[in-house]
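Biologist: I am new to this one. Please show me the chain, and then let me ask about it.

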Amino acid sequence: MCFAELSSIVAFAGGSFGYCRAALGPFWGFMVGASEMLQNFMYVIATVMVFAHTCTMLFASTRLLEPLWMALAYAMIFGVHLRGGMLFWYTVMVSGGVTVLLIVMFCCGAMKTINVE
């Protein structure tokens with residue numbers, strides 16, 4: 001709601017970086033933009049590391065192959081972004097659906113261990 005209100009007031013795009021720059025000045029706008037960029041980098045790195053660890057456990061391979069799984073994940077991510085268009089959005093939708101399915105499976109599996117007494 002707050003971003004919707006701000007976007008109707010400010011006449012340019014830029015998300016929180018643009019709003020912060022308009023409200024607090026260029027230095028703090030840069031700091032917010034740099035923090036968001038760092039956050040996105042760390043998210044991708046953490047996701048790729050979890051993917052590699054999961055593949056290592058799933059296929060019962062040695063931990064020495066984890067860099068190979070990481071390279072495969074980065075290649076897939078890069079390929080999807082390079083192609084762009086609807087492939088990117090379909091990939092996001094499928095990833096989101098798989099994530100929701102895994103959360104539901106986890107919650108259903110954990111139900112039998114709950115003791116309400």
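What follows is a short exchange on helix packing and on a pocket.

Modeller: Keep in mind that this is a predicted model.

Biologist: How do H2 and H3 run relative to each other, roughly parallel or roughly antiparallel?

Modeller: Helix H2 covers residues 15-24, and its axis lies 7 Å from that of H3. The two pack at an angle of about 160 degrees. Angles over 145 count as roughly antiparallel. So H2 and H3 are roughly antiparallel.

Biologist: Which residues of H2 make the contact with H3?

Modeller: On the H3 side, the contact uses Pro-26, Trp-28, Gly-29, Phe-30, Val-32, Gly-33 and Glu-36. Across both helices, the contact residues divide into seven nonpolar, three polar and two charged. From H2 come Ser-16, Phe-17, Cys-20, Arg-21 and Leu-24.

Biologist: Is the crossing of H2 and H3 left-handed or right-handed?

Modeller: The angle of this pair is about 160 degrees. The hand of the crossing is right-handed.

Biologist: Why are H3 and H4 oblique to each other?

Modeller: Their axes come within 8 Å. An angle from 65 to 115 would count as roughly perpendicular, and one over 145 as roughly antiparallel. H3 and H4 are therefore oblique, because they cross at roughly 125 degrees.

Biologist: How many nonpolar residues are in the contact of H3 with H4?

Modeller: H3 brings Val-44, Ile-45, Val-48, Met-49, Phe-51, Ala-52, His-53, Cys-55 and Thr-56. H4 answers with Glu-66, Trp-69, Met-70, Ala-73, Tyr-74, Met-76 and Ile-77. Two of the contact residues are polar and one is charged. The nonpolar count is 13.

Biologist: Which helix gives the most to the lining of the largest pocket?

Modeller: The space in this pocket is about 950 Å³. H3 (26-58), H4 (66-83) and H5 (85-111) each supply at least two lining residues. With nine residues, the helix that gives the most is H3.

Biologist: Which lining residues lie nearest the centre of the largest pocket?

Modeller: The lining has 21 residues. By class, 15 are nonpolar, six are polar and none is charged. Nearest the centre are Tyr-43, Thr-47, Ile-77, Thr-91 and Ser-95.

Note on methods. Residues numbered from 1 in each chain as written. Predicted model: local features only at pLDDT ≥ 70, side-chain atom pairs only at ≥ 80, totals over all residues. Heavy atoms only, no water. 1 Å grid on protein atoms, 1.4 Å probe; cavity = no way out; pocket = protein on both sides within 12 Å on 5 of 7 lines; lining within 4 Å. Points joined across faces, edges and corners; volume = space filled by probe spheres on them. Helix = DSSP H or I, 4+ residues; strand = E, 2+ residues; numbered from the N terminus. Nonpolar A, V, L, I, M, F, W, Y, C, P; charged D, E, K, R; others polar. Axes fitted to C-alpha atoms, helices over the stretch in contact; angles between N-to-C directions. Parallel < 35°, antiparallel > 145°, perpendicular 65-115°, else oblique. Left-handed = near helix turned anticlockwise from the far one by under 90°. Contact = heavy atoms within 4.5 Å.
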